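Work through the exercises below with the sequence and the model open. Try each task before reading its solution.

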Amino acid sequence: MSHLIRVLLSRSQSQLHARRSLTTSVTFHKNNGLENHPIKRTLNILKNDMKKVRDFFVPNNWTNKATETTEISTLNNNKKRFEGEKGSSSEDLFQTHCDVLVIGGGGVGSSVAFWLKEKARDGLNVVVVERDPTYLRASTVLSVGGLRQQFSLPENIQMSLFGAEFIREIKDYLGDVELNFTPHGYLTLASEQGAETLKRNSRLQNELGARNELLNATQLKNKFPWISTEGIVLGCHGLEQEGWFDPWALLMGYRRKAKELGAHFVHGEVVNFEFEEHSEVIIHGNLEGDYQALDKAVIQMPDGERRSVKFAVCVVAAGAHSGEVAKLARIGAGRGLLQMPLPVEPRKRYVYVINSQGENAPGLCTPLTIDPDGTYFRRDGLAGNYLCGRSPNSDQEPATDNLDVDHTYFETDVWPTLARRCKAFESAKVVSSWAGYYEYNVYDENGIIGPHPYYSNLLIATGFSGHGIQHTPAVGRAICELIIDGRFRTIDLTRLCFDRIIIDRPMLETNIV
């Protein structure tokens, strides 16, 4: 609990502290008032907990009725101040104050909410703001739902390994959730140019706990009779803990469990921030006395009304729109450490569903197969359908103002590779398709996880560039650790913090699909 209290005291700490821990003290200003301060609310919760312990051990007839009535009335008043203010109906309860505000209720944001409430329960008031609770255009539900350990960075491999453990024990974590996990693995193919990199990556993956095998062209043909090994010298085949699952089911599992534990989900969009002056804080690149801390988020409700919520800690997990949210916090538009923008923007990607009734088509146990040029496919059900796609080259990036599908791209860039790799796909027909957004990190195509170097109470969890859904269990847990413990405890993700952008040290992942 001491860690928790230190988190709530971290709002105005200096960013010059080594590793910018969230656990230093704060100077209170007289004009702020303490009535609704997180520390006051935390003490009220502790008081309530102690009362419950007393009531458990002390018989009811020992308690003075009048005193008990007064205490209950006081606690109810405190609870009202803690929860917020009611709107037009008893169902509409808007949180005017919270300990942790999560911007974005997709896979990452909902995972953060779940882990915080799982660990802290009533000790933290967690609010999640999601602008589209139907998730119609959300990256999470429009993804292919892959799980693999075939990465080149240790952090990504470790996060995927935990993702596999989380999915395996999903009922222990989230209750009755059916993810329909299909454990057929991944098959990454390499030409002569990429063979050494594939070997090196496979060795690292196995050292960290993954299990995969390297197959030469002959071995590939023997194991997968449908494959053409033209231009292929090596393949890496995942044997365990790889496959694909239903991302919608995982998202709904996070959300439902977080709400059961007391997290508040708000339908609205963060459109601005309010700031608070902290003249005692000195930041490199700022004039003395010029520091302003994040204090409140302004949320536009579905009816157009704007309301504000005061927070102790804010987490930006807005997916493809995280860069826009960061601009509202002056990230990329200020001086010094605020000059550097959050380099995350939406990139449109197409997924095509094809049907092939050709001879020797890939069978039911076919792994998700990735060609050296990035084209991928996997089985989808029992009727000869396959999901497939490919990320475009940088000079082919489509417009992101809509989610229309370009079927010409399939004909010119996806189908030729499929037909060359598997003869049965020569006659394949597109039966359906959709488009979704990658939360694309234009700096190094890798996730950004951790504190912002300027704001002591702002954490970032975004930019996963297409491989985020499988990492949501680990990312949510990591953000929870930073808030409650002040540091990464399980997987050290320090190298993936925003700091790497400031010092220009990219974390390049070679296995981006």
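Ala, Val, Leu, Ile, Met, Phe, Trp, Tyr, Cys and Pro count as nonpolar, Asp, Glu, Lys and Arg as charged, and the others, Gly among them, as polar. This is a predicted model, where local features need pLDDT of at least 70, side-chain atom pairs count only at pLDDT 80 or more, and totals for chains, interfaces and linings use all residues. Residues are numbered from 1 along each chain as its sequence is written, and side-chain values use heavy atoms, with hydrogens and water left out. Helices (H or I, at least four residues) and strands (E, at least two) are DSSP runs, numbered from the N terminus.

**Exercise 1. The largest cavity**

Find the residues that line the largest cavity, and sort them by class.

Solution. Start with the term. On a 1 Å grid over the protein atoms alone, a cavity is a set of points where a 1.4 Å probe fits but cannot get out; lining residues have an atom within 4 Å of a point. Grid points are joined across faces, edges and corners, and a volume is the space filled by probe spheres set on the points.

Next, count. The structure holds 2 cavities of 30 Å³ or more. The largest has about 50 Å³ of space.

Now list the lining: Leu189, Thr369, Ile370, Asp371, Thr375, Phe377, Thr417, Leu418 and Arg421. By class, this lining has 4 nonpolar, 3 polar and 2 charged residues.

Last, assign elements. Strand E15 (368-370) and helix H11 (407-421) are the elements that give two or more residues to the lining. H11 gives the most, with 3 residues.

**Exercise 2. The open sheet**

In what order do the 8 strands of the open sheet run?

Solution. Two strands pair if DSSP finds at least two bridges between them. The order is E7-E8-E6-E15-E16-E17-E14-E18, with mixed pairing. Strand E7 (212-216) and strand E18 (429-441) are the edges, and each pairs on one side only. From one strand to the next, the twist averages 20 degrees.

E7 pairs with strand E8 (residues 234-238) in the antiparallel sense, over 5 bridges. There, Glu213 stands opposite His237 in E8.

Contact means heavy atoms within 4.5 Å. Axes are lines fitted to C-alpha atoms, for helices over the stretch in contact, and angles run from 0 to 180 degrees between N-to-C directions. Helix H7 (residues 195-207) packs on the sheet and touches strand E6 (186-190), E7 and E8, at about 25 degrees to the direction of E8. H11 lies across E6, strand E14 (344-355), strand E16 (376-379), strand E17 (385-389) and E18, and runs at about 60 degrees to E14.

**Exercise 3. A helix pair**

At roughly what angle do the axes of H4 and H9 cross?

Solution. The axes of helix H4 (residues 107-120) and helix H9 (residues 247-260) cross at roughly 35 degrees and come within 8 Å. Gly107, Ser110, Ser111, Ala113, Phe114 and Lys117 in H4 meet Leu251, Tyr254, Arg255, Lys257 and Ala258 in H9. This contact has 5 nonpolar, 3 polar and 3 charged residues.

**Exercise 4. A hairpin and a positive phi**

Which residue in E20 is the bridge partner of Ile448?

Solution. Strand E19 (residues 448-451) and strand E20 (residues 458-462) pair in the antiparallel sense over 4 bridges. The partner of Ile448 is Thr462. A hairpin of 6 residues joins E19 to E20.

Then look at the loop between E18 and E19, the place of Glu445. Glu445 is not a glycine, yet its phi is positive, at about 60 degrees.

Note on methods: On a 1 Å grid over the protein atoms alone, a cavity is a set of points where a 1.4 Å probe fits but cannot get out, and a pocket is an open set with protein on both sides within 12 Å along at least five of seven lines; lining residues have an atom within 4 Å of a point.
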